[in-house]
Amino acid sequence: MLMTKERRSAIRTLRGWAISVLQEAGAIRECETHGWMQDRADPHARERAFDIARQDAPEGLSQAEAVAEIEDVLASIGDTCPECPPDC
C-alpha cells in the first residue's frame, strides 16, 4: 500500500510559513474578534513548533534558519490582542 505524507499548502512568505507552523503546533492563536495573532505561552506547543521547523524546513532553508524564523515570529507576537479591552 502506498503511503503519502500530507503536504502543507503553499505559503508565499517565510513569515507566513512560520505563522502556519506555530498555529499548527498550537503555540499561537488568532483573536476571534479582531484577527490578531496571540502567543499562547505554551512551552510544549512552542517546542512542537521548533520540532516541525527542524524536521520540515522550507526548501532552500537550513534547520537553523527555520528555527530562527519561528523565534522571530514569536518575538513579534504578544499574548493579548491590542484591540480587545483589558480584563478587569
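Visitor: In what order do the elements of the chain run from the N terminus on?
Guide: The order is α-β-β-α-α. That gives three helices and two strands. Keep in mind that this is a predicted model.

Visitor: Why is Q38 called buried?
Guide: Its relative accessibility is 7%. Buried means under 20%. Q38 therefore counts as buried. Q38 sits in strand β2, residues 37-39. Leaving out residues up to four places away in sequence, Q38 touches A27, I28, R29, E30, C31, I77, G78, D79, T80 and C81.

Visitor: How much of the chain counts as buried?
Guide: 28% of its 88 residues.

Visitor: What makes R46 and D39 a salt bridge?
Guide: Their side chains meet at 2.3 Å, N to O. The cut-off is 4 Å, so the pair qualifies.

Visitor: Are R46 and D39 buried or partly exposed?
Guide: They fall into separate classes. D39 has 11% relative accessibility, so D39 counts as buried. R46 has 29%, so R46 counts as partly exposed.

Visitor: Why do E47, D51 and R54 count as one network?
Guide: Take the pairs in turn. R54 forms a salt bridge with E47, with the closest N and O atoms 3.5 Å apart. D51 forms a salt bridge with R54 at 3.0 Å. Both values are within 4 Å. These salt bridges share partners, and that joins E47, D51 and R54 into one network.

Visitor: How far apart are D51 and R54 along helix α2?
Guide: They are three residues apart, so about one helical turn separates them.

Visitor: Why does E69 have no salt bridge?
Guide: Check the distance. The nearest side chain of opposite charge, R15, is 5.3 Å away. A salt bridge needs 4 Å or less, so E69 has none. E69 lies in helix α3.

Visitor: At what angle do α2 and α3 pack?
Guide: About 145°, with their axes 8 Å apart. The crossing is right-handed.

Notes:
Residues are numbered from 1 along each chain as its sequence is written. This is a predicted model: local features need pLDDT of at least 70, side-chain atom pairs count only at pLDDT 80 or more; totals for chains, interfaces and linings use all residues. Side-chain values use heavy atoms; hydrogens and water are left out. Axes are lines fitted to C-alpha atoms, for helices over the stretch in contact, and angles run from 0 to 180 degrees between N-to-C directions. Helices (H or I, at least four residues) and strands (E, at least two) are DSSP runs, numbered from the N terminus. A crossing is left-handed if the near helix is turned anticlockwise from the far one by less than a right angle, and right-handed if clockwise. Buried means under 20% relative accessible area, exposed over 50%, partly exposed in between (1.4 Å probe, protein chains only). Contact means heavy atoms within 4.5 Å. Lys and Arg count as positive and Asp and Glu as negative; His and the chain ends are not counted.
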